[in-house]
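Here are my notes for you on this one. Have a look at the picture before reading on.

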Amino acid sequence: RDSLVYKVMGTGKTLKRFYPELRNSGFKTPFAIGHIRMSTNTEPDFRLAHPYALLVHNGEINTVDRLIRRARALGIPLPDHPSDSMVVDRFMHWLVARAGCSLATAYRMVVPLVDNEIDRLPDRERRLHSRLKMPFGNLGQGPAGIIARHGNEALIASDAMSLRPLWLGETEKEFYVT
């Protein structure tokens, strides 16, 4: 496998208590994603806690019902009453793992640019984004900030309207996004 997914409801300190290997200085990774769930619209539920197979997300996918219908029509397994993050993750994971899409392509298929953004692109990019949007339409519209990884590919992106900005920071040893 090319990734490990640790899941716990709590803080980073809680994570280290449940998974002691994270305290081992020999345990290294070139890329790590963490998420502290601060939901305002659902009760805490371990099943809904991040991370998932590919991503963590901050915000809301306001078109989640449409996304759920399309995922189920494609045979993407979803539990009853999934969170919006879970649906985006499973949909993108299916596009990457089953359809062979890159992470960036899967993202733009699930969270496409809005039409007026596409219209402003150079001709070649306009055709590309129109084609990416064609199979599903406006599936995943936010406000949402998404951080995802698959293999050696990483994605840091905002929904089409950029209503949930993500901020890039840097220390002497690493880059981080918040």
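This is a predicted model: local features need pLDDT of at least 70, side-chain atom pairs count only at pLDDT 80 or more; totals for chains, interfaces and linings use all residues.

1. The protein has 6 helices and 5 strands.

2. Now for the overall numbers. The protein has 178 residues, and 38% of them count as buried. Its accessible surface is about 11400 Å², with 52% of that belonging to carbon and sulfur atoms. Take the contacts in the protein with a separation of 6 or more: 54% of them come from residues 24 or more positions apart.

3. Next, find helix α2 (residues 64–73) and look at how it sits against α3. Their axes come within 10 Å and cross at roughly 40°. The crossing of α2 past α3 is left-handed.

4. Who does the touching here? On the α2 side you have V64, L67, I68, R70 and A71, while α3 brings D84, V87, V88 and F91. Sorted by type, the residues of this contact of α2 with α3 are 7 nonpolar, 2 charged and no polar.

5. Last, zoom in on F91, which lies in helix α3 (residues 84–97). Is F91 buried or exposed? Its relative accessible area is 0%, and the cut-off for buried is under 20%, so F91 is buried. Also check I76: it is 15 residues from F91 along the chain, and the C-alpha atoms of the two are separated by 6.9 Å.

Methods
Residues are numbered from 1 along each chain as its sequence is written. Side-chain values use heavy atoms; hydrogens and water are left out. Helices (H or I, at least four residues) and strands (E, at least two) are DSSP runs, numbered from the N terminus. Buried means under 20% relative accessible area, exposed over 50%, partly exposed in between (1.4 Å probe, protein chains only). Contact means heavy atoms within 4.5 Å. Accessible areas come from the Shrake-Rupley method with a 1.4 Å probe; for residues, only the protein chains shown count as cover. Axes are lines fitted to C-alpha atoms, for helices over the stretch in contact, and angles run from 0 to 180 degrees between N-to-C directions. A crossing is left-handed if the near helix is turned anticlockwise from the far one by less than a right angle, and right-handed if clockwise. Ala, Val, Leu, Ile, Met, Phe, Trp, Tyr, Cys and Pro count as nonpolar, Asp, Glu, Lys and Arg as charged, and the others, Gly among them, as polar.
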